[in-house]
Amino acid sequence: MTAISYDDIVKAPKALLHDHLDGGLRPATIVELADAVGHELPETDPARLGEWFVAAADSGSLERYLETFAHTVAVMQTQEGLHRVAKECALDLAADGVVYAEIRYAPEQHLESGLTLDQVVDAVHAGFQDGTAEAAAQGRRIRVGTLLTAMRHAARSQEIAELAVRYRDQGVVGFDIAGAEAGFPPTRHLDAFEYLQRENFHFTIHAGEAFGLPSIWQAIQWCGADRLGHGVRIVDDITAGNLGRLASYVRDKRIPLELCPSSNVQTGAAASIAEHPIGLLKDLRFRVTVNTDNRLMSGTSMSKEMALLCEAFGWGWGELQWLTINAMKSAFIPYDERLAIINDEIKPAYAKLLA
Ligand SMILES: O=c1[nH]cnc2c1ncn2[C@@H]1O[C@H](CO)[C@@H](O)[C@H]1O
Ligand SMILES: [Zn+2]
């Protein structure tokens with residue numbers, strides 16, 4: 001099999017389920033916005049600032065990785081800042097060949113200058129609308145939905161869950177919790193998850209990234225998560241190819257794993273891409289998806305993550321199609337819309353690549 005080129009991967013349609021809005025800013029935009037609001041940055045040259053983020057996030061600890069977000073969240077406190085970041089996010093993903101994306105952020109982190117939760121969501125959605133329209137005008141079709149995240153150390157999850165449901169017909173497709181995992185089990189937010197289930201709404205939970213099986217078990221069996229954010233530590237329940245009860249449940253129920261290889265290497269959840277459990281989980285036919293998590297902090301993109309996996313595991317178009325269809329099957333938009341993207345866009349494009 002001939003190796004696939006990075007440029008060809010960029011052109012192939014891709015689907016992205018796990019990407020943080022505040023983890024994907026363009027360095028040059030951070031510099032400009034920080035200047036406007038008087039926020040002090042560790043570097044003011046865009047190229048060096050980009051390198052600073054990757055190096056600082058390359059810490060081996062989720063807690064230290066998360067500290068870098070202070071500099072992105074600081075410049076996302078106005079409607080203009082939020083609008084610009086969302087618009088550029090849609091444009092950057094479209095330019096990378098992403099045709100479907102679910103982008104998450106925590107509205108409660110953007111209230112420091114007096115915006116209301118509704119103003120935050122409205123500004124982000126206007127940005128995504130303008131970004132997708134501009135991408136379409138350039139001949140690139142992308143659909144973007146948002147997930148509203150509640151911070152797991154905070155106590156606003158019920159409020160954010162209600163906000164997500166209120167905006168369900170205006171671009172919000174799901175809910176999530178994020179932040180430091182150890183010490184903050186998902187059951188702290190059980191009320192919010194029970195509310196979302198009664199509303200027939202969708203949610204994913206960051207679990208099994210910096211903490212192991214108990215976190216995954218709670219996310220699924222107590223909270224009812226539709227998908228697992230990361231979930232990579234499910235391998236702790238697999239011994240020499242034999243699945244324990246929790247790993248079996250996750251595989252049998254086809255619970256999607258939102259795996260983020262580069263991010264996991266930075267936070268110490270995996271030693272390297274080549275040693276990342278994604279290889280094993282794919283061979284065992286879990287519902288594996290590939291994601292960027294934070295493009296800025298990992299210096300990555302969907303195409304880069306896929307290229308890294310092709311290089312590490314010898315994967316080709318067959319595997320990339322499988323990952324892409326897995327992601328579309330696991331998306332939070334209605335079934336008929338998912339099917340249309342799979343049948344009208346993904347399958348025809350990969351059929352040509354596979355030919
Ligand atoms: O991989 C991750 N694990 C846990 N929390 C994360 C990760 N990436 C980002 N955030 C957190 O989610 C917030 C909202 O987007 C970010 O501000 C960051 O604190
Ligand atoms: Zn994440």
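Predicted model: local features only at pLDDT ≥ 70, side-chain atom pairs only at ≥ 80, totals over all residues.
Residues are numbered from 1 along each chain as its sequence is written, and chains are lettered from A and ligands numbered from 1 in the order in which they are written.

Time to look at some of these residues one by one. His18 lies in strand S1; helices (H or I, at least four residues) and strands (E, at least two) are DSSP runs, numbered from the N terminus. With 30 C-beta neighbours inside 10 Å, His18 counts as buried. The word has a cut-off: a residue is buried if 20 or more other C-beta atoms lie within 10 Å of its own, exposed if 12 or fewer, and partly exposed in between, with C-beta atoms placed from the backbone. Setting aside residues up to four places away in sequence, His18 touches Gly229, Glu258, Cys260, Asn291 and Asp293. Touching, or being in contact, is meant in the sense that the C-beta atoms of two residues, placed from the backbone, lie within 7 Å.

His20 is found in strand S1, and it is buried, with 24 C-beta neighbours inside 10 Å. Beyond its neighbours within four places in sequence, His20 is in contact with Arg104, Tyr105, Asp293 and Asn294. The unreviewed UniProt entry also has a "binding site" annotation that covers His20, Asp22 and Gly179. Although spread over 160 residues of sequence, these cluster in space, with a largest C-alpha distance of 12.6 Å. Asp22 sits in the loop between S1 and H2 and is buried too, with 25 other C-beta atoms within 10 Å. Leaving out neighbours within four places in sequence, the contacts of Asp22 are Phe69, Thr72, Val73, Met76 and Tyr105.

Next comes the "active site", for which the unreviewed UniProt entry lists Glu209. Glu209 is in the loop between strand S5 (204-207) and helix H10 (213-222). It is buried, with 26 other C-beta atoms within 10 Å. Not counting residues up to four places away in sequence, Glu209 touches Leu62, Glu181, His230, Val232, Thr267 and Ala269.

Now for the sheets. Strands of a sheet pair through backbone hydrogen bonds, either parallel or antiparallel. One open sheet has four strands in the order S1-S2-S3-S4, with parallel pairing; two strands pair if DSSP finds at least two bridges between them. Its edge strands are strand S1 (14-20) and strand S4 (172-178), each pairing on one side only. Neighbouring strands of this sheet are turned by 25° against each other on average, direction ignored. Such angles run from 0 to 180 degrees between N-to-C directions, with axes being lines fitted to C-alpha atoms, for helices over the stretch in contact. Inside the sheet, strand S2 (residues 98-105) and strand S3 (residues 143-151) pair in the parallel sense over six bridges, and Tyr100 stands opposite Arg143 in S3. Helix H8 (residues 157-166) lies across S3 and S4, running at about 160° to S3.

Another open sheet is formed by four strands in the order S5-S6-S9-S10, again with parallel pairing. Here the edge strands are S5 and strand S10 (288-290), each of which pairs on one side only. On average, neighbouring strands of this sheet are turned by 30° against each other, direction ignored. Helix H10 packs on the sheet, touching S5 and strand S6 (227-230), and its direction makes about 170° with that of S5. Strand S9 (residues 257-259) and S10 pair in the parallel sense over three bridges, and the bridge partner of Glu258 in S10 is Thr289.

Finally, helix H3. The buried residues of H3 are Leu49, Phe53 and Ala57. Seen down the axis of H3, they fall within an arc of 60° (the arc of the directions from the helix axis to the C-beta atoms), so they line one face of the helix. Among what covers them are helix H2 (27-37), helix H4 (62-67), helix H12 (261-267) and helix H14 (295-298).

Definitions and conventions. UniProt positions renumbered as here; feature names shortened; annotations may be inferred.
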